[in-house]
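Please open the structure in the viewer and keep the sequence at hand.

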Amino acid sequence: MKNWKFHNAFFIRVLFVMILFFFCFFLIYKMFYFNAILVGSFALTMLAEMYFYVKSKLQFYDRTLLSILQDDFSTNFPEENKKDNFKSLYALYEALKSRHQEQTSKELIYQSLLNNIDTAAVILEKEDEDWKIFLMNDCFSRLFKVPKVSHWKYLKNYLPSLCYEIEKKEFSELKSAVSIKIEDQDLQTFILQTSRTQTYKKEYFIILLDSIQRVIEKKEKEAWINLMKIISHELMNSLTPIRALSQNLLQIVDQEKLEEDDFEDIKSSISTIINRSDHLQDFVESYRKLAMLPTPVKEMTQINALFDDCLRVMNPILKSENIKLINEINSSRSILIDKNQMEQVIINLITNSIYALKGKREKQLFLSSYTENNRFFIIISDNGKGIDPEIQDKIFLPFFTTRKDGAGIGLTLSKNIIEAHGGYLSYQTDEDKTSFVICLI
């Protein structure tokens, strides 16, 4: 029904040409040859007109379909083609044009995002058995001083060490550190992450590179910002009431005559100022402990003796809290440590477990150790309430605490002590157990 005009016009032309040819043959049969030639000529003219009419319509279809296939949506339709015979084709063209524009906009946004991130990124596209560069962001080009080349083999000329590392793994997914020499500079270490993905018949390989120095600087900056927030919060919590109370005292003593209630207010204000000053002094003292941690004085210490001394201090508290101790440490070997500092770490971690076990019916504390690859591991675990996901990245920050009476330096101090010994302190958490792991080399 939508193309009725085209069909009718074509049918009328065919019918008219057939009538003319039949009339021509009739005239030849009646031997009116001159008239037959005139009618035949007119019939041929009509046939030629019908041919060019159909050809023009088919050419329009072909030209439009070719534009769609080539993603060329710059063609302008005449107004007459936007309705009637070509209404459906025009609707298809406009729908595909709209989708193409939307896709182009998205690609520009994605490209802009990739160009504005601080991670060097390259996306490869597989072509037969070779890889061509589908996209290289500005950070990659700027960081490695590489022009935006179009093929993997050209990139190998600029960054052979990186390309060799990826080819060695046969373009598989990996995450590792890689050393890259940029022009005449010294070798620099980067974190290399790759992934492989496939969409329809296309296969892509994504390469991401982060400078380790930049990652460290970012983490240090975040740590300093968090530390400044905590210090500012603590200072303001003490200084704000001290200032307010001082102003109140000044107003009281400026009075001509002091009442008995005024003396009570003075005593209360001075008491509060002293309490807040003491808190501020404790806070500064805690910071001093962190900032001025003495160098460990190491000596060979028996592991059993270390834990015996720690548990001698903590056992009364464990019993009073009805905590079941499962001690699997039984080693006669010795390790090179500062015994006093290491006792402080173990006592801090056990104290944290005691706090985590509050409110539990069955309270269990686990102590264990093992040796692996010239490293000695101590694990202190409990079946307490665990560490909430939202604070897991903050537990080692100075002065961060979830306890009302906590100073927030126990885990930070413990971490600093272990690192001063050349090891590290980490934690593992699952559904029924939280473990702090001390690793000593």
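A patch, as the word is used here, is made of residues with over 30% relative accessible area and no salt bridge, where like charges are joined within 9 Å and nonpolar side chains (Val, Leu, Ile, Met, Phe, Trp, Tyr) within 5 Å. A salt bridge is a side-chain nitrogen of Lys or Arg within 4 Å of a carboxyl oxygen of Asp or Glu. Accessible areas come from the Shrake-Rupley method with a 1.4 Å probe, and for residues only the protein chains shown count as cover.

The model is predicted: local features need pLDDT of at least 70, side-chain atom pairs count only at pLDDT 80 or more, and totals for chains, interfaces and linings use all residues. Residues are numbered from 1 along each chain as its sequence is written, and side-chain values use heavy atoms, with hydrogens and water left out.

**First selection: a surface patch**

Select Met 18, Phe 22, Phe 25, Ile 28, Met 31 and Tyr 33, which form a nonpolar patch on the surface with about 680 Å² of accessible area together. Helix 1 (residues 4–29) supplies the largest share of this patch, four residues. Helices (H or I, at least four residues) and strands (E, at least two) are DSSP runs, numbered from the N terminus. Met 31 lies in the loop between helix 1 and helix 2 (33–69). Met 31 is exposed, with a relative accessible area of 57%; buried means under 20%, exposed over 50%, and partly exposed in between (1.4 Å probe, protein chains only).

Most residues other than glycine have a negative phi. Select Lys 145, where phi is near 55°, a positive value. Lys 145 is in the loop between helix 4 (138–143) and helix 5 (152–158), and is partly exposed at 41% relative accessibility. Continue to Glu 170, which has a positive phi of about 55°. Its loop runs between helix 6 (160–168) and strand 3 (174–181), and Glu 170 is exposed at 64%.

The whole structure holds nine aromatic pairs, counted when ring centres of Phe, Tyr and Trp (its six-membered ring) lie within 6.5 Å; planes under 30 degrees apart are stacked, over 60 edge-to-face, and the rest tilted. Select Trp 131 and Phe 205, a tilted pair at 6.0 Å centre to centre with 55° between the planes. This pair links distant parts of the chain, with Trp 131 in strand 2 (residues 130–136) and Phe 205 in strand 5 (residues 202–211), 74 residues apart. Both Trp 131 and Phe 205 are buried.
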